[in-house]
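This briefing concerns the sequence and the structure displayed here. Please keep both in view while reading.

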Amino acid sequence: MNKKFLCKIHIIGSVASGKTTLAKELSTKLNIPYYELDNVVWIRQNSGDIRRTDQQKVDYLHNIILTNAWIIEGVHNEDWVAQSFLNADLIIFLDTNYFIRIYRIIKRFTLQKLGLEKSNYKPTFAIFIKMFKWNRYFEEIGKPNFYHKYGIYYDKLLVISSKRQIL
């Protein structure tokens, strides 16, 4: 990977596809800051997360995009993230196997409940169940929607099933 040409990278994939892990590793390797879209959506507080307004999300993301170098990762492919895809030098679609993602959801929840893995949210059973729903939704709706809306960027789109394919 040539860091000179890849200063703006958007990583998309389902829950538990490995987006954050890949973003962290690329961030270290390329010395580029990374941002989680979930933290653009939510204001993280000890008393509980607060959802940003649509305008706050757009403004926050816009300020990131205006910087010289960034790695943005997340599951989101709604209109509010369109500028990130447009401005990216590289879009990485992390298309990890569906059943591997199920395993990772279970593993992540277990490790979080045991206090062995940190999370940006409180790992409740309700969120654990939602992750399976989000995983299925991405497979059936999110993935086709991404290709429909952002397939126009095929010249800068890299589809991989594992981070080992680029690291």
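The model is predicted. Helix H5 spans residues 98–113, and its buried residues pack against helix H6 (125–150). Ile65 belongs to helix H3 (residues 54–65).

**Dimensions and ends of H5**
- H5 has 16 residues and reaches 23 Å from its first C-alpha to its last, close to the 22 Å expected at 1.5 Å a residue.
- At the start of H5, the backbone nitrogen of Phe99 has a side-chain oxygen of Asn97 within 2.8 Å.
- Just after H5, Gly115 adopts a positive phi of about 75 degrees.

- The buried residues in H5 are Tyr98, Arg101, Ile105, Phe109 and Gln112. Because they cover an arc of only 70 degrees around the axis, they lie on the same side of H5.
- An α-helix has 3.6 residues a turn, so residues three or four places apart point the same way.
- Phe99 and Tyr103 are exposed on the other side of H5.
- The partner against which the buried residues of H5 pack is helix H6 (125–150).

- Ile65 counts as buried because its relative accessibility is 8%, which is under the 20% cut-off.
- Leaving aside residues up to four places away in sequence, Ile65 touches Lys8, Trp70, Ile72, Gln83, Ser84 and Asn87.
- Asp54 and Ile65 are 11 residues apart along the chain, and their C-alpha atoms are separated by 16 Å.

Definitions and conventions. Residues are numbered from 1 along each chain as its sequence is written. This is a predicted model: local features need pLDDT of at least 70, side-chain atom pairs count only at pLDDT 80 or more; totals for chains, interfaces and linings use all residues. Side-chain values use heavy atoms; hydrogens and water are left out. Helices (H or I, at least four residues) and strands (E, at least two) are DSSP runs, numbered from the N terminus. The expected span of a helix is 1.5 Å times one less than its number of residues. Buried means under 20% relative accessible area, exposed over 50%, partly exposed in between (1.4 Å probe, protein chains only). The arc is that of the directions from the helix axis to the C-beta atoms. Contact means heavy atoms within 4.5 Å. A polar contact is a pair of N or O atoms within 3.5 Å; within protein, one must be able to donate a hydrogen and the other to accept it, and residues adjacent in sequence count only if both atoms are side-chain atoms.
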